[in-house]
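The sequence and structure are shown first.

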Amino acid sequence: MDSIRFRKLSIPFFGLLFFIAAVLPGCDQSGKREAGVPGGTLATSSTMEAQKPHLVSDLIPGRKVFEAKNCNQCHSIFERERKIGPKLKSSRFYGSFLDIFSLLWNHAPAMAVKMRREVLDRPTFSTTELNELVSFLYMLPYLGEPGDARRGEALLESKSCFKCHSLGKKGRRGGTPLDSLAVYQSTVVLLQRMWNHGPEMIGRMTTTGTSIPTFSGNEMADIFSALTKETSDKGKKVFLGVGNAENGEKLFTDKGCIKCHSIFGKGGKRAPDLGKTVAQSNVTKLTTQIWNHVGRMRQLYNQEKLQWPYFAETEMNDLIVFLYSLNYLDKPGDAAKGEKIFTQKKCIECHFKTEENKQKLLGALKAINTTQFAAELWNHTSAMEAAMVTQGVPWPEMTGAQLRDVLAFLQKQ
């Protein structure tokens, strides 16, 4: 494991991500404007880059947008922060790109009032900025809840780990020590070690009639907490950043996962469709799900004389974040439902008011993706809000599903 490209730092992992974010240039005053100065310039299709929607698993770009656009002036992420806007809970899954964007869209009028009061510009977004911001919000629940070291020690005993292993003064005397894992500050490292150790371990447990351990809830995090608690040198901790989803997608094929598992119907049919079964699973749930199927998978591999897929360096980390990313992209909407929503929300009264307006809108939206659609929607909020106030029309709040349907309707014309 020494070859793993980990970074050595001396702060806790959760603190690491947010420490990085905290040291980024703040925007407390940069967004301030003089009273009476109009808001930002609206973006147009011609000025927007045609970036394909994808999850940016690195939290830093999104955190920079979060600050640069003054979101941090009103919204907090951590319990210790008290601000005037709703707290963005890191324990909550907000859904796909458009599910998350719908929350931004629906709070636009209230946000405008707050920003006028604070003399801040209403933010506009390029497609890259919006994708990075939404990716940041999507990634917030990824790390899950920290484990409990006391429960972890009890699990090491009850799951029979101490029959072969030792941790500090606990466990089998002369057994394989787990203390070396204490420096690795990630449950994914624990999973990769267990996975690569799986065939040997299962063979021994089968010989002795010992049940292969499975886990539930936050138990993997509890064991990880017990292991890291025992580190003798608190200054030597090895941290693992969030993996790369694109690399993980390639590994899903290269390691043969796709031969048994499918993703939204594409792939093998012998095992569960991961596009449906890993929704709203944080890193602890994903590591648990992967480990719990190791026994069945080993039996199948033995029957078919297949070579066990071992993972090296950061491969398991990349695979995990790829699985986490599966529900980021939006599925196609329902055009028929979208037509009704477009009428009910009174979008039709402005955008289809004349044939020229209609063709102009349809031409602009014909080939755009969800990120461009969302950026176009957001960047016309200033003009739209003024027109709706004049006409006495309420703000058209929409769910992510409704936004998908409206886009499908407009692109079907």
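Is Thr288 buried or exposed? Thr288 is buried, because its relative accessible area is 6% (buried means under 20%, exposed over 50%, partly exposed in between, with a 1.4 Å probe and protein chains only). The model is predicted, with local features requiring pLDDT of at least 70 and side-chain atom pairs pLDDT 80 or more, while totals for chains, interfaces and linings use all residues. Residues are numbered from 1 along each chain as its sequence is written, and side-chain values use heavy atoms, with hydrogens and water left out.

Thr288 lies in helix α12 (residues 283-292); helices are DSSP runs of H or I with at least four residues, numbered from the N terminus. Its side chain reaches the backbone oxygen of Thr284 at 2.8 Å.

Helices α3 and α5 have axes that come within 10 Å and cross at roughly 100°; the axes are lines fitted to C-alpha atoms over the stretch in contact, with angles from 0 to 180 degrees between N-to-C directions. That makes α3 roughly perpendicular to α5, a label covering 65 to 115 degrees.

| Helix | Range | Residues in the contact |
|---|---|---|
| α3 | residues 97-106 | Phe97, Ile100, Phe101, Leu104 |
| α5 | residues 127-139 | Leu130, Asn131, Leu133, Val134, Leu137, Tyr138 |

Leu130 touches Phe97, Phe101 and Leu104, and also residues including Phe125 and Thr371, not counting residues up to four places away in sequence.

Terms used. Helices (H or I, at least four residues) and strands (E, at least two) are DSSP runs, numbered from the N terminus. Angles under 35 degrees count as roughly parallel, over 145 as roughly antiparallel, 65 to 115 as roughly perpendicular and the rest as oblique. Contact means heavy atoms within 4.5 Å. A polar contact is a pair of N or O atoms within 3.5 Å; within protein, one must be able to donate a hydrogen and the other to accept it, and residues adjacent in sequence count only if both atoms are side-chain atoms.
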